[in-house]
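Please keep the sequence and the three-dimensional view at hand while reading.

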Amino acid sequence: MSSIPRPGPRGLPPRRERRPLPQLRVPVARAVVDSAIYVNGHREPGRVGYAEGLERVRETGEGFVWVGLHAPDDAQMADVGATFGLHELVVEDAVHAHQRPKLEVYDDTQFLVLRTVAYVEHDSMVKASEVVETGEIMIFVGPDFVLTVRHGEHTELSELRRRLESMPDRLALGPTAVLHAIADKVVDSYLAVTDRMDVDVAAIEEAVFGRQSHSLDIDPVYVLRREVLELRRAVTPLTAPLQSLTASGNPLVPKEIRRHFRDVADHLTTVIDRVLEYDDLLISLLQAAAAKVGIQQSTDMRKISAWVAIAAVPTMVAGIYGMNFDHMPELHQPWGYPVVLGVLVSLCTLLFVVFRRSHWL
């Protein structure tokens, strides 16, 4: 580590200022999960680099290259973007996640952002702090390449790639077939998550309206509604991109692929209807839970007031006899003390019976 001498205090040797170490550049290959060439729907033997694969495809004029990246940094994505001729704006979006679902077209390249969701296992909603986990998949589709950039641990596409490789007729349709397969996988995961959330919503509904629940914890209702809103933000904005991909005037998507995208759009509509239904139901549950908590508090206050009223009778009598006057009724009588105690017990018992019949106790 090099350093530069700096003047020190009088009588002391000069100090040396430390220079920051240069940051090491991580090779792009560290972010590449898989890279392959597909010709007539079949994968070419071996694994090729993304630059080599794109060059071979463009030299032969056949097939396309599919490159998968996982959480690349700025330098890695800049190299990939320069190789594939991607616009600098989409390159920046691919590095920094937390994008809304969208579809952008740059000349003959389509850029689709998908929000992924995964269900987080939990024993019960009372102990759950998270129900859905989100991630992102960004897809660049050109005439001769597919580039996928994933963010999140649950966004793996290796199984999807193997399944597509077993269907060469589908891959022979070109890069947009991969685009459809990924979108279909993501939307199907939405359906799976909503199926699992049905159980959570039913459990919350039972907790709010169940007769056996004497005390209600309203926090799980808020947690589940927060997760439903997160799911809603992930699925609802995808409607517009799918409409663009199914439009008959889109020259970048073949007619056969547009038909498959219509099926994906139908599934998305089902998901959105479910999410909106969950949202409305949870709003109603929140209102019902708040009303139930208010009723519980009112019941508790009535019980407290009843016991205070019962305790006020002996307190009042004890306060009178505690004033230390000589001329008080039955003060010097031997039977005065048990008579007063008997009267107090009788009055308290009477008040208890009255409050019990009026359902205050």
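How many residues are in the chain, and what percentage of them is buried? The chain has 361 residues, of which buried residues make up 39%; buried means under 20% relative accessible area, exposed means over 50%, and partly exposed lies in between (1.4 Å probe, protein chains only). The model is predicted: local features need pLDDT of at least 70 and side-chain atom pairs count only at pLDDT 80 or more, whereas totals for chains, interfaces and linings use all residues. Residues are numbered from 1 along each chain as its sequence is written, and side-chain values use heavy atoms, with hydrogens and water left out.

**Overall organisation**

The secondary structure comprises ten helices and nine strands. Helices (H or I, at least four residues) and strands (E, at least two) are DSSP runs, numbered from the N terminus. Of the contacts between residues at least 6 apart in sequence, 65% join residues at least 24 apart, where contact means heavy atoms within 4.5 Å.

**Nonpolar cores**

In soluble globular proteins, nonpolar side chains tend to be buried together. A nonpolar core is here a set of buried Ala, Val, Leu, Ile, Met, Phe, Trp, Tyr and Cys residues joined through side-chain atoms within 4.5 Å. The largest such core has 60 residues, and those with the most contacts inside it are Ile139, Ile182, Tyr190, Met197, Leu224 and Val235. Helix H6 gives the most to this core, with 15 residues. Leaving aside residues up to four places away in sequence, Ile139 touches Gln110, Phe111, Leu112, Leu114, Val146, Leu147, Thr148, Leu179 and Ile182.

**Helix pairs**

Axes are lines fitted to C-alpha atoms, for helices over the stretch in contact, and angles run from 0 to 180 degrees between N-to-C directions.

| Helix pair | Axes come within | Crossing angle |
|---|---|---|
| H6 (residues 175-209) and H9 (residues 255-321) | 9 Å | roughly 20° |
| H1 (residues 50-60) and H2 (residues 74-84) | 10 Å | roughly 5° |
| H2 and H3 | 9 Å | roughly 140° |

Angles under 35 degrees count as roughly parallel, over 145 as roughly antiparallel, 65 to 115 as roughly perpendicular and the rest as oblique. H6 and H9 cross at roughly 20° and are therefore roughly parallel to each other. Their crossing is left-handed; a crossing is given that name if the near helix is turned anticlockwise from the far one by less than a right angle, and is right-handed if clockwise. The residues of the contact of H6 with H9 divide into 23 nonpolar, six polar and seven charged. For this division, Ala, Val, Leu, Ile, Met, Phe, Trp, Tyr, Cys and Pro count as nonpolar, Asp, Glu, Lys and Arg as charged, and the others, Gly among them, as polar.

Two residues illustrate these helices. Thr194 has its place in H6 and counts as buried, at 0% relative accessibility. Thr194 touches Leu231, Val271, Arg274, Val275 and Tyr278, not counting residues up to four places away in sequence. Val293 is found in H9 and is partly exposed, with a relative accessible area of 21%. Val293 and Asp217 are 76 residues apart in sequence, yet 8.7 Å apart in space, C-alpha to C-alpha.

H1 and H2 cross at roughly 5°, which makes H1 roughly parallel to H2. In this pair, Tyr50, Ala51 and Leu54 of H1 meet Asp79, Val80, Thr83 and Phe84 of H2. The contact residues divide into five nonpolar, one polar and one charged.

The crossing of H2 and H3 is right-handed. Asp74, Met77, Ala78 and Gly81 of H2 make the contact with Val91, Ala94 and Val95 of H3. In H3 (residues 88-95), Val90, Val91, Asp93, Ala94 and Val95 are buried. What covers these buried residues includes H2, strand E6 (102-106), strand E7 (109-119), strand E8 (132-141) and strand E9 (145-151).

**Positive phi in two loops**

Most residues other than glycine have a negative phi. Asn40, however, has a positive phi near 55°. Asn40 lies in the loop between strand E3 (32-39) and strand E4 (42-43) and is exposed, with a relative accessible area of 63%. Asp107 has a positive phi of about 55° although it is not a glycine. The loop between E6 and E7 holds Asp107, which counts as exposed at 76% relative accessibility.
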